[in-house]
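I opened this notebook to record what I looked up, going from sheets to helices and back.

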Amino acid sequence: MSPCWSEATQAAHVLSKMASSAQRDEQFLLEAFRCFVDSAYSLEISYRALQEEVERLRGEVAQSNSELARRSEENSTMRVYLDRILERLPCGVLVLSSEGEISKANTEALRLLRDNSLFEASSSEMKQIPEPIETLLNCSRQENEAEIAVTGSDGSVRWLAARHATSEESRSSGSIFILSDVTERKKLAEKEREHQRDQALAEMTAVLAHEIRNPLGSLELFTGLLAESRTDENCRVWIEHLQAGLRTLSATVNNVLHFHSEPAPQFLPVDLGSLLEWAQEFLDPLARQSRIILSLQSQLSGYQFAGDRHPLEQVLLNLVLNSVRAMPAGGWIELAGRRLANGGAAIVVSDTGPGISEEDLPRLFEPGFSRRAGSPGLGLAVCRKIVEQHGGRIEAANRAQGGAIFTVTLPRYLSAEQEVAR
């Protein structure tokens, strides 16, 4: 074999090997490509599934966000609505945190606290609880509702009530208290108690006064008969003393009856000039006995006033008796009557006694007020009631020259018959 053939054979053999290797590489590439295609297809299917899942989750998230936004808006609207209700409540609402500080207070609560000087009116941030309110709230925790008296900015005493409104479930998050001003309720309750006491006292005193009045009338009658009989001068003096004492006792009984029974006045024409003359004549023996000069200065002769004569007599009797008692060593009393420019009339009782102390003047006409031991203190209160029933007013003052002066001012009232006559 020639060398050329041998080389050719080797080259053919190499080419055969290369062809076989290329064929194997081609099969490998084809197999790899088929795997790539299968993987790509599987990846595409997974991607599509993932996209669908993402879209589904995005839709659920969007729906959840929409629901949350709707609920948030509803909660915000409800919060605003509840805040408006809270601010417009007629009672105060005070919310305390678990640390005991004020976390919320509506307008009424702030007004109650500021009006009663528990907070400074200029303060806008209120956190700490004033001591009186802290005491009130602690009491309400134990008793569910408590009350306390506080002094307002004007010096008046007001009553605040607190009610614990927190449930057991929300106790850990703080406490809610309802505040209210119960001053008027307290006043009404006190008036009701006073009315009940006055009613019981009126029933008792009316019975006693009537029981005393019956024998008293007989004593006055028999004393009058004795005074008209022929007796010596000593007996006449004793009879005058007895008559004076009976007049005083009768005035006291009449005061009790009038104050507690409150009879409605019977309005009929009354000659005020004649009324003053009667008072001067009736009370002059009592004045002389006490070494007092009782004078009359009247411009009311023929002056007709629509009123009830008997209660008006009681007014004059009480005023003169007060002056007599104020001058045990004697003195001077003047009964005066004058016409007013507006058509009304004024009746004045003045004396030369010690006068009225400045501290007693505001309380002079209050029921039960008296500086005399053993006196029921109803005379001047009865005078005021009678005068007010007749549409007038009564005032007390001190004279510049010394002594007291009482002025009864009556309006120009005419009876129906007098109106027709005009």
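Before anything else I noted what pairing means here: two strands pair if DSSP finds at least two bridges between them. I also noted that helices (H or I, at least four residues) and strands (E, at least two) are DSSP runs, numbered from the N terminus.

With that in hand I looked at S11 and strand S12 (residues 404-410), which run antiparallel and are joined by six bridges. Within S12, Thr 407 is the residue that stands opposite Glu 395.

I then wrote down the basis of the model: it is a predicted one, where local features need pLDDT of at least 70 and side-chain atom pairs count only at pLDDT 80 or more, while totals for chains, interfaces and linings use all residues. Residues are numbered from 1 along each chain as its sequence is written, and side-chain values use heavy atoms, with hydrogens and water left out.

**Entry: the sheet that holds S11 and S12**

I traced the sheet and found five strands in the order S7-S9-S10-S12-S11, forming an open sheet with mixed pairing. The edges are taken by S7 and strand S11 (393-398), each of which pairs on one side only. From one strand to the next, the twist averages 15°; for such angles, axes are lines fitted to C-alpha atoms, for helices over the stretch in contact, and angles run from 0 to 180 degrees between N-to-C directions.

I followed S10 on both of its sides. S9 and S10 pair in the antiparallel sense over seven bridges, with Ala 346 as the bridge partner of Arg 338. S10 and S12 are also antiparallel, joined by six bridges, and here Ala 345 stands opposite Leu 410. In the hairpin of S9 and S10, which has five residues between the strands, I noted that Gly 343 takes a positive phi near 95°.

How many residues of S10 are buried? I counted seven of the seven, so S10 is largely enclosed by the rest of the structure; buried means under 20% relative accessible area, exposed over 50%, and partly exposed in between (1.4 Å probe, protein chains only). Ala 345, Ile 347, Val 349 and Asp 351 point one way from the strand, whereas Ala 346, Val 348 and Ser 350 point the other way, and all are buried.

In the loop between H6 and strand S7 (292-298) I found Arg 291, whose phi is near 60°, a positive value in a residue other than glycine. Is Arg 291 buried or exposed? At 56% relative accessibility, Arg 291 counts as exposed.

**Entry: helix H8**

I then turned to H7 and helix H8 (residues 379-389), whose axes come within 9 Å and cross at roughly 145°. The residues of their contact divide into nine nonpolar, four polar and no charged. Eight of the eleven residues of H8 are buried, so H8 is largely enclosed by the rest of the structure, and Lys 385 is one of the buried residues. After H8 comes Gly 391, with a positive phi near 80°.

**Entry: the other sheet**

Last, I traced five strands in the order S2-S1-S5-S4-S3, an open sheet with antiparallel pairing. Strand S2 (102-105) and strand S3 (145-151) stand at the edges with a single partner strand each, so one side of each is left without a neighbour in the sheet. Strand S1 (residues 92-96) and strand S5 (residues 175-181) pair in the antiparallel sense over five bridges, and Val 95 stands opposite Ile 176.

Terms used:
Ala, Val, Leu, Ile, Met, Phe, Trp, Tyr, Cys and Pro count as nonpolar, Asp, Glu, Lys and Arg as charged, and the others, Gly among them, as polar.
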